[in-house]
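Visitor: Could you take me through one part of this model in detail, namely its aromatic ring pairs, and then say how the helices beside them are arranged?

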Amino acid sequence: MVSTTKIKSVDFYRKIPRDLTEASLSGAGLSIVAALAMLFLFGMELSSYLAINTSTSVIVDKSSDGDFLDIDFNISFPALSCEFASVDVSDVFGTHRLNITKTIRKVPIDPHLRATAAEFHSSSGVHLINHGDEDHGDNSTYADIPLTGAAFEKFTHHFQVLVVNFYAPWCYWSNRLKPSWEKASQITRERYNPGTDDRVLLGSVDCTEEPTLCKSNHIQGYPSIRIFRRGSDLREDHGNHEHESYYGDRDTDSLVKMVEELPKPIKKEDHKLALDGKSDNAASTIKKAPVSGGCRIEGYVRAKKVPGELVISAHSGAHSFDASQMNMSHIVTHLSFGTMVSERLWTDMKRLLPYLGQSHDRLNGKSFINQRKFDVNVTIEHYLQIVKTEVTSRRSGKEHSLIEEYEYTAHSSVAHSYRYPEAKFHFELSPMQVLISENPKSFSHFITNVCAIIGGVFTVAGILDSIFQNTVRMVKKIELGKNI
């Protein structure tokens with residue numbers, strides 16, 4: 001059995017009896033300085049241990065989010081009606097998605113970007129409008145009642161229902177509607193004599209002759225059939241009269257049938273549904289007309305991770321547009337790529353912000369206004385080059401992805417369009433990605449450094465105390481005249 005004496009022989013820290021030690025004022029002062037130095041160095045080491053050390057590298061994109069990319073946006077167009085606003089996506093593979101509505105919201109706005117109505121619901125599906133087989137003779141004027149600004153105001157107050165065709169003589173669709181409209185107008189006048197019956201009247205407005213009247217009713221596509229009801233001309237905050245728009249077939253029978261339904265007494269609830277575009281009856285082709293000429297388009301679309309473009313423009317399969325009057329000015333409230341990072345996540349990860357490029361929303365808050373300095377028929381184009389940035393952290397020997405975002409650069413320009421003006425967002429993804437890696441220090445490394453600080457300061461302080469004591473003794477010997 002090993003004796004306690006042999007065990008004591010390996011003691012590295014042999015004790016000196018307290019009676020054989022002597023305390024000094026200089027030693028006490030040096031001890032205080034050494035303790036403060038230990039605390040200071042410990043704090044520095046702790047700060048270094050808690051700090052994020054990162055390394056940045058550029059590697060081939062190894063995205064784990066599939067072959068598709070979400071494009072999230074909120075863009076306001078002060079001069080584009082929600083009635084015709086269309087969102088299209090295409091790419092170099094030849095994929096074309098036209099008039100996307102499922103993930104898009106359209107809200108009418110005024111020139112000050114304030115919402116003037118609830119969400120505008122576009123017609124679902126593709127509806128081929130029937131124009132009938134009436135003779136499309138080349139007549140110079142409409143046979144029904146032409147309306148001017150003064151006559152329009154007079155008739156809207158006189159007749160219970162005024163159905164107006166806003167048209168342009170040069171428009172193909174207006175000319176196709178012309179014979180059916182003339183015949184329907186004649187039949188209506190025969191059934192409802194305007195001289196003795198004030199229930200309903202059909203009229204027409206030539207927008208080339210009455211541009212102010214058409215603009216005040218936010219007519220952007222031709223022909224546009226509007227329904228004005230006396231007693232339903234309530235004004236809202238935007239100051240415009242509420243009225244309805246007809247989107248059904250344009251043959252004579254359909255027009256006459258639509259007109260026949262209008263003078264019938266309708267319930268307040270049914271009229272409200274019709275104004276909101278939610279009626280399920282025969283008047284489902286009648287919806288609330290835009291009460292302002294602008295539109296805020298928000299939502300997201302999904303595109304392949306190849307070069308492509310997001311296009312916002314006016315589109316209709318049964319209307320024509322005057323390119324010289326179109327203005328695609330817009331204000332980008334938000335535009336980003338990939339999964340949106342929530343505000344809460346950004347708050348939780350403020351420590352990562354200095355290492356990200358802060359270019360995930362470069363166009364946010366920017367305005368692109370065409371003030372007619374570039375003539376007419378102007379398309380505003382944006383060229384976006386996108387690169388993925390990923391932040392990873394290594395914990396317990398494994399690498400974890402903390403955040404993934406797509407940052408982009410943007411360059412904008414204007415160009416003359418051959419057809420109709422558009423707002424185009426060309427995007428191209430880089431095959432490379434920026435990888436930012438967190439390199440945390442190990443706890444063992446932290447403990448080792450703390451021990452080194454304590455031992456090093458203690459040792460250095462002991463050496464300094466020894467040097468000081470020996471120096472004092474030498475000075476005293478010299479003063480006493482003793483030989484060394």
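**Aromatic pairs and a helix crossing**

Guide: Ring pairs join Phe42, Tyr49, Phe443 and Phe446 into a cluster, where rings of Phe, Tyr and Trp (its six-membered ring) pair if their centres lie within 6.5 Å. The model is predicted, so local features need pLDDT of at least 70 and side-chain atom pairs count only at pLDDT 80 or more, while totals for chains, interfaces and linings use all residues. Residues are numbered from 1 along each chain as its sequence is written, and side-chain values use heavy atoms, with hydrogens and water left out.

The whole structure holds 13 aromatic pairs. In one of these, the ring centres of Phe84 and Phe321 are 5.1 Å apart and the planes stand at 80°, so the pair is edge-to-face (planes under 30 degrees apart count as stacked, over 60 as edge-to-face and the rest as tilted). This pair links distant parts of the chain, 237 residues apart: Phe84 is in the loop between β2 (68-77) and β3 (85-91), and Phe321 in the loop between β13 (308-314) and β14 (330-337). Phe84 counts as buried, at 3% relative accessibility, and Phe321 is buried with a relative accessible area of 5%; buried means under 20% relative accessible area, exposed over 50%, partly exposed in between (1.4 Å probe, protein chains only).

As for the helices, the axes of α2 (residues 25-50) and α9 (residues 443-480) come within 10 Å and cross at roughly 160°, which makes α2 roughly antiparallel to α9 (the term applies to angles over 145 degrees). The residues of this contact divide into 18 nonpolar, 4 polar and 2 charged.

How values were computed. Axes are lines fitted to C-alpha atoms, for helices over the stretch in contact, and angles run from 0 to 180 degrees between N-to-C directions. Helices (H or I, at least four residues) and strands (E, at least two) are DSSP runs, numbered from the N terminus. Angles under 35 degrees count as roughly parallel, over 145 as roughly antiparallel, 65 to 115 as roughly perpendicular and the rest as oblique. Ala, Val, Leu, Ile, Met, Phe, Trp, Tyr, Cys and Pro count as nonpolar, Asp, Glu, Lys and Arg as charged, and the others, Gly among them, as polar.
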